[in-house]
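Please read this briefing alongside the sequence and the model shown below. The points are grouped by topic, so that each part can be followed in the structure.

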Amino acid sequence: MSTIITGVNASMPRVSYIKAVDIYLWVSFVFVFLSVLEYAAVNYLTTVRDGKDRKLRDKIREQSQTLPCTCGIPHTKTMMLDGMYSEADANSLAGYTRASMLAEDPSDKQEQMVVHLALDNESTETKKKGTRSFRIIQNTHTIDTYSRMIFPGAYILFNLIYWCVYC
């Protein structure tokens, strides 16, 4: 883009004011520069996220070697149950609704309680204040999706205005 701008300015007569072609080429240059910045930001965020994921996997792998199995359910709060639980057990679980722990069949109360605790624990983790807005910034697919709509839309809008004004 800078070579095109230099070549166009060299072939045009020198004037003291800004020409329409200068405006068009400089705005195009800004769009190209912003797309390079978007690519760099997505690449950086992807690299950072991959590093954090790798550290988290290593940490989980280390913990899984020392902690007992939770039946493959991540982030669970397990408790020892003998197939039955009392009202005191159900009421002592802070942050969990009693309705989500009630089982239809008495034979599988223990399994359902563990599953419900895992699901409720995961849903409370995603509702922490500020976590959701930060995930949008770190989600590279979201950045790419918005960029695919905003960049062409803004450039089309610029072209409509430019050609209406200078034609």
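Serine 28 is found in helix α2, which covers residues 20–66. In this predicted model, serine 28 counts as buried because its relative accessibility is 8%, and the cut-off for buried is under 20%.

**Serine 28 and its contacts**
- When its neighbours within four places in sequence are left aside, serine 28 is in contact with Met1 and Tyr155.

**Helix α6**
- Helix α6 runs over residues 140–166, which makes 27 residues, and from its first C-alpha to its last it reaches 38 Å, close to the 39 Å expected at 1.5 Å a residue.
- The buried residues of α6 are Thr140, Thr142, Ser147, Phe158, Asn159 and Tyr162.

**Asparagine 139, at the start of α6**
- Asparagine 139 has its place in the loop between α5 (131–138) and α6, and with a relative accessible area of 29% this residue is partly exposed.
- A side-chain oxygen of asparagine 139 comes to within 3.2 Å of the backbone nitrogen of histidine 141, at the start of α6.
- The side chain of asparagine 139 is also joined to that of threonine 142 by a polar contact of 3.0 Å, and Thr142 is one of the buried residues of α6.
- Although asparagine 139 and valine 42 are 97 residues apart in sequence, their C-alpha atoms are 8.6 Å apart in space.

Technical notes: Residues numbered from 1 in each chain as written. Predicted model: local features only at pLDDT ≥ 70, side-chain atom pairs only at ≥ 80, totals over all residues. Heavy atoms only, no water. Helix = DSSP H or I, 4+ residues; strand = E, 2+ residues; numbered from the N terminus. Expected span 1.5 Å × (residues − 1). Buried < 20%, exposed > 50% of the residue type's maximum accessible area, 1.4 Å probe, protein only. Polar contact = N/O pair within 3.5 Å; in protein donor to acceptor, adjacent residues only side chain to side chain. Contact = heavy atoms within 4.5 Å.
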